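This report is intended for a reader meeting the structure for the first time. Please view the sequence and the model together before reading on.

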Amino acid sequence: MLASYPPGRQRSAVVPMLIFAQDEVGSITPELVQEVAKRCGVQPVQVEECVTYYSMLRKKPLGKYHVQICTNISCLLNGGEELWKRACEQTGLGHKQVSADGMVSLEEVECIGACSWAPALQVNYDFEHLVTPERLDEILAACRKGDYVEKAK
Amino acid sequence: MANLVKFTIDGRELEAAPGTLVIDAAKRAGIEIPAFCYYEGLSLQGACRMCMVEVERMPKLQTACTLPVAEGMVVRTDTPQVAQARKGTLEFLLTNHPLDCPVCDKGGECELQDMVFRYGAGESRFTEIKHHVDEKQWSPVVYFDAPRCILCYRCVRVCDEGMGVGALGVVNRGVVAEIAPNHGDHLECDECGMCIDICPVGALTSGAYRYKTRPWEMEHVGTICTHCSNGCRTTLGVRNNQIIRGNNRDSSGINGEFLCIKGRYAFDFYDHPDRLQAPLMKVNGKLEPVSWSQALAAVARKFSDVKARGGNFGVIGSNRTTNEENFYLQKFARQVLGTNNLDHRRSGDIVSLLDALHGQQTALATTADLYQAKAVVVISADLALEHPLLSWQIRANWRHHAAHVYVVTTEPVREDKYSVNAARCAPGQELETLQALRPQLVDEPELIFVFGDTIKGEKVRKLVEFGASLGKPVKYVCLVDYANSRGAMDMGLTPELLPGYRASGMPGLTIAEMLAAEDLDVLWVVGANPLAGASLAARGAFVVVQDLFLTETAQAADVVFPACSAYEKNGTVTNVTGEVQRLKRAVQAMGTKPDLEIIGLLAREMGEAAQLGPWSADKVFAEIRATVPGYNVPLPVILTGGAAQTSPVNGRVEAPARPELIRSARNGLFSSGTLGRYSNVLHSVLEGRRQP
Ligand code: SF4
Ligand code: SF4
Ligand code: SF4
Ligand code: FES
Ligand code: FES
């Protein structure tokens, strides 16, 4: 990965490296910060800056299935808010909370670029378009059981 | 200069080199554009939005700190829109900033306070509860109060770019964004305090200074740091005869704003409770306090007796005392005591260097040269720790001028990070490794070689030959320890050399030989500690010591005179690059006298004052300027706090260099010989405690 940046610009790899590492490890651990800093030739505190800046980088693990529900304008007009409330009730979780068994976590997010198919949500890297309350129930149930099929993986 | 760009600011027609930033161009024309995040010498940040200006044909206000001038550009800094922008920016900065300047440590010298006073609103429209975070202590010297921080990133940049440490970062974002130290809840770094110094507000404060005084209550005395040979200028904040703060307030001198932990904080040895305050004399085998006249009389009597019966003297000088004191001491030893047993601890082979460079006028680099030269080669030294200012200069040169830095050391050093080639060598193989760099070095238009104590004697000669063989302008820095090692050498504190590197042509004992000489009658030690880890063979020798503390040597003395520290006297010192600068007395320590005066009083007591001349620092300096080759430096420069480089010899040094006597103490950032032992700050910081 480092090789894909011009010489002397290796620090540009910090964020992508963190994303990949997070996918593997589940969260950004202190050891990871050290390792990324070493590989990119920056100070650990500079990696820490990125980790705390970007909301998609996180220091605590999320659920096995991270469900992100969009409540930005297009989705809002098409029932996104209702989906969000329903998901909260169904799972008993709130924003950025993880179920006790570690299977599911919820997050209310801004536009995920799927406005044409609003309301939309995302399970890990998978998009779900034109989500109905019934589809939401199915998705959540599958996630809890652990048999949600991830296409993007 | 070719092709200057023409533009106008506030209706004034101006010119500047292409690439000049509007903010700098305005400043040069005397037009102030307020700024927080912009800091000359550091990378651009564009974070604070304080520097907004109106530019014709640009739709919105522009940040003057990131905007280069362009041909025909019309800039206005005095429009209602700009005034409104400044006011608005300040209002935002103050949303979560406490409005309690009267209790803030920065009050009175705070840039935010000044700006709000000048450009801000008279009252606050903000009625909501402010976001508050408690103050944190990151190290014994660094405190951080997040609500006061205006996120200008100056501290982050000065630590990363200026110091090459990178211990600070900004975590989180938006209203909860704050500066964070590299180890979660604390700092592990150089503890230099540069971040505190550069902080425009009271967010970063110094453990040594905070809440002790107000800036306007202090007297500010510009003098020279006494800890290492780099000779940084420091401004001591003095109140009621106490040094409360060290910084370089006006950024004057060879170091600009730079100071390391020792210059900024380690002045505290001066009022350590163990400071000697009265002369001591051995009575029944125990050192007892006596009056000055008793002590002076006893020593003078002894000196006269030994001299009369042709006994043996040994005189050991210091690499911390002033040029005047060193000059006067050698004159005393040679003319009054009639001895050539005169030495000091040598830490770099300047003699071999001067001899090898004979005939070349400008081959000794100055501190400023290190910032300008196209290429610098660091041999056998960990500059960041041992010579902090030189390291800072080279880093700035690399940042601003893309200088090529080469490193030849046995261990990794901080300079590696920005070097074009960092070569590791086996101990003693420096020159061989340097040879391997030759193909790169010959392509450099000019070079400076900076070398440590392992390059001595024949090796210095070989290095100079190597430099000459490159066929380019080459300059040298021979690294030495302590505030005035160069001055001690220049003033002839060795048996072989008189002041100005003229051969003495007389035999004389070196330190080791004095300690080993069984027939020594008197050992006189001025500001040195030769008996640390060594013993004196001559059991019956009469030992006289001038020092600040009861060192190992002082404990073995028959008479001890309490001496002033560098912060308590006037005089001049010569730094590692041969630049002479002036010490100015900041405080007075009860019961002590400057070494110059002690030596003078001894001469008077012996009835020899007439032949030595007056012992005022100015008079002795005048004599040095008149008689020591190379020291005819321009007086106005020195008197106004400037630095002037000496040009010691321009011919062979007709005396042996004695490389076997050369050894550097290799003091790092957290040690400083006997003085460092008495600095509480140096012991308090984590990094200092970790040292062996
Ligand atoms: S004290 Fe010096 S090294 Fe430490 S964080 Fe501040 S600027 Fe950096
Ligand atoms: S702590 Fe001071 S220097 Fe650092 S960002 Fe905040 S205001 Fe600027
Ligand atoms: S670099 Fe040397 S002279 Fe400068 S402040 Fe530090 S110890 Fe003092
Ligand atoms: S608003 Fe929901 S995807 Fe764009
Ligand atoms: S000084 Fe220009 S944005 Fe801060």
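Helix α13 covers residues 430-441 of chain B and helix α14 covers residues 458-469 of chain B; their axes come within 11 Å and cross at roughly 10 degrees. Axes are lines fitted to C-alpha atoms, for helices over the stretch in contact, and angles run from 0 to 180 degrees between N-to-C directions. Helices (H or I, at least four residues) and strands (E, at least two) are DSSP runs, numbered from the N terminus.

The contact, meaning heavy atoms within 4.5 Å, is made on the α13(B) side by B:Glu430, B:Leu431, B:Leu434, B:Gln435, B:Arg438 and B:Leu441, and on the α14(B) side by B:Lys459, B:Lys462, B:Leu463, B:Phe466 and B:Ser469. By class, the contact of α13(B) with α14(B) has five nonpolar, two polar and four charged residues. Ala, Val, Leu, Ile, Met, Phe, Trp, Tyr, Cys and Pro count as nonpolar, Asp, Glu, Lys and Arg as charged, and the others, Gly among them, as polar.

The model is predicted: local features need pLDDT of at least 70, side-chain atom pairs count only at pLDDT 80 or more, and totals for chains, interfaces and linings use all residues. Residues are numbered from 1 along each chain as its sequence is written, chains are lettered from A and ligands numbered from 1 in the order in which they are written, and side-chain values use heavy atoms, with hydrogens and water left out.

| Helix pair | Residues | Angle | Axis distance |
|---|---|---|---|
| α8(B) and α18(B) | 323-336 and 595-605 | about 25 degrees | 9 Å apart |
| α2(B) and α3(B) | 80-93 and 111-119 | roughly 135 degrees | within 10 Å |

Helices α8(B) and α18(B) are roughly parallel to each other, and their crossing is left-handed. A crossing is left-handed if the near helix is turned anticlockwise from the far one by less than a right angle, and right-handed if clockwise. From α8(B), B:Glu324, B:Glu325, B:Tyr328, B:Leu329 and B:Phe332 meet B:Asp595, B:Leu596, B:Ile599, B:Gly600, B:Leu602 and B:Ala603 of α18(B). This contact has seven nonpolar, one polar and three charged residues.

Helices α2(B) and α3(B), by their angle, are oblique to each other, and their crossing is also left-handed. Here B:Arg86, B:Lys87, B:Leu90 and B:Leu93 of α2(B) make the contact with B:Leu112, B:Met115, B:Val116 and B:Tyr119 of α3(B). Six nonpolar, no polar and two charged residues take part.

Chain A has six helices and five strands, and its pattern along the sequence is α-α-α-β-α-α-β-β-β-β-α. The C-alpha trace of chain A spans about 50 × 35 × 25 Å along its principal axes.

Two backbone details may be noted. The peptide bond from A:Ala118 to A:Pro119 is cis, with omega near -5 degrees; A:Pro119 lies in the loop between β3 (104-109) and β4 (121-123) of chain A. B:Asp10, a residue other than glycine, has a positive phi near 50 degrees and is found in the loop between β1 (5-9) and β2 (12-16) of chain B.

The area buried between chain A and chain B is about 820 Å², of which carbon and sulfur atoms give 47%. Buried area is the accessible area (1.4 Å probe) that two parts lose on being put together, summed over both. In chain A, A:Val45, A:Glu49 and A:Tyr53 lose the most area to chain B, together 54% of what that side buries.

Note on methods
Angles under 35 degrees count as roughly parallel, over 145 as roughly antiparallel, 65 to 115 as roughly perpendicular and the rest as oblique.
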